[in-house]
Amino acid sequence: MTARTLRPRIVAAGAALAAGTLLLTACGSSGDSSTGGSSAGSSAPLYSKLPADIQKAGVVKVGSEVAYAPVEYKQGDKITGIDPDLAEALGKQLGVKFQIQDAGFDTLITSLSTGRIDLIMSAMTDNKERQGKGVDFVDYFSAGTSILVQKGNPKGIKTLEDLCGQTVALQKATVNEDTAKAQSEKCKAAGKAEITIQGYEHDGEALLKLKSGAAVADLNDYPVAAYNAQTSGGGKDFEVVGEQIDPGLYGIGVSKDDAQLRDAVKAGVDALIANGEYAKILEKYNVKLGAVTEAKINGGS
């Protein structure tokens, strides 16, 4: 499985625990109630590329766990972040509204396969395993796993090898969980104690365990880890150690049965890259190092 790579998963521990199942209209930090696009309709640049049923509905339903700042999170009742801003910009290119359904990260692929949602935008890493579950990805961002520890790094953690025999907290059903499990096997093969992995529904729960000292580290996507280190406790709770691990690609998930929608989304992302809107969004959240030069389909490994 894959963690949302490069996606700061939570603005604050409490925010991550608030994820619900309501259908919400994605909003930028400006507070607008719409992702934009629908008023333009057929006059939008890429409207003709959409499937007829999406054109008729005027809405693209997007599944996302809205608890992963700065990629997607809540400010009061508003949904904001990198993905919501991209959704709003895509809506303007395609001429339809993007509506975000806030749901558990590990339920998103099932919701896509059953038709409850049309897209996944949730800092989801594109990999072969997920592709094998009926998902095509439009890749739009590059990120790796980082190790987050308590401020001052009391256990002296610098690399994954240092986690042998230690307790690690993380969000389950993510690439980061896969990374921890793979390292635990390496520990065992080297004759060292395995890693005790504590998996939680939301990263906020993992952060609470780390803050309390019940875990020595939290594995997270770099932007999320960096965001938490910068903001939690005014920057006094956590710090990021070591280098990014196994950088991967975030992808917008689309059902393999919806090739036309997939190609329309790809065209939309490429248009945003070309017109500079994509770069503005990444710079707004200080994650421009994760930028890609073009959208690719199923570029993950």
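1. Strands S8 (residues 167-171) and S9 (residues 196-200) pair in the parallel sense, over five bridges. Within this pairing, Gln171 stands opposite Tyr200 of S9. The model under discussion is a predicted one.

2. For the overall picture, the secondary structure of the protein amounts to 10 helices and 12 strands. The protein has 301 residues, of which 55% count as buried. Taking the contacts with a separation of 6 or more, 81% are between residues 24 or more positions apart.

3. Next come the helix contacts. Two packed helices are described by the angle between their axes and the distance between the axes. The axes of helix H3 (residues 82-94) and helix H9 (residues 259-275) lie 9 Å apart, at an angle of about 105°. An angle of 65 to 115 degrees counts as roughly perpendicular, and H3 and H9 are therefore roughly perpendicular to each other.

4. Which residues make the contact of H3 with H9? On the H3 side they are Leu86, Ala89, Leu90, Gln93 and Leu94. On the H9 side they are Ala264, Val265, Gly268, Val269, Ala271, Leu272 and Asn275. By type, the residues of this contact divide into nine nonpolar, three polar and no charged.

5. H3 also packs against helix H10 (residues 277-284): the two axes come within 10 Å and cross at roughly 160°. Angles over 145 degrees count as roughly antiparallel, and H3 and H10 are therefore roughly antiparallel to each other. The crossing of H3 with H10 is right-handed.

6. In the contact with H10, H3 supplies Ile82, Asp85, Leu86 and Ala89. H10 supplies Glu277, Tyr278, Ile281, Leu282 and Lys284. The residues of this contact divide into six nonpolar, no polar and three charged. Leu86 and Ala89 of H3 are listed in the contact with H10 and also in the contact with H9.

Definitions and conventions:
Residues are numbered from 1 along each chain as its sequence is written. This is a predicted model: local features need pLDDT of at least 70, side-chain atom pairs count only at pLDDT 80 or more; totals for chains, interfaces and linings use all residues. Side-chain values use heavy atoms; hydrogens and water are left out. Axes are lines fitted to C-alpha atoms, for helices over the stretch in contact, and angles run from 0 to 180 degrees between N-to-C directions. Helices (H or I, at least four residues) and strands (E, at least two) are DSSP runs, numbered from the N terminus. Angles under 35 degrees count as roughly parallel, over 145 as roughly antiparallel, 65 to 115 as roughly perpendicular and the rest as oblique. A crossing is left-handed if the near helix is turned anticlockwise from the far one by less than a right angle, and right-handed if clockwise. Contact means heavy atoms within 4.5 Å. Ala, Val, Leu, Ile, Met, Phe, Trp, Tyr, Cys and Pro count as nonpolar, Asp, Glu, Lys and Arg as charged, and the others, Gly among them, as polar. Two strands pair if DSSP finds at least two bridges between them. Buried means under 20% relative accessible area, exposed over 50%, partly exposed in between (1.4 Å probe, protein chains only).
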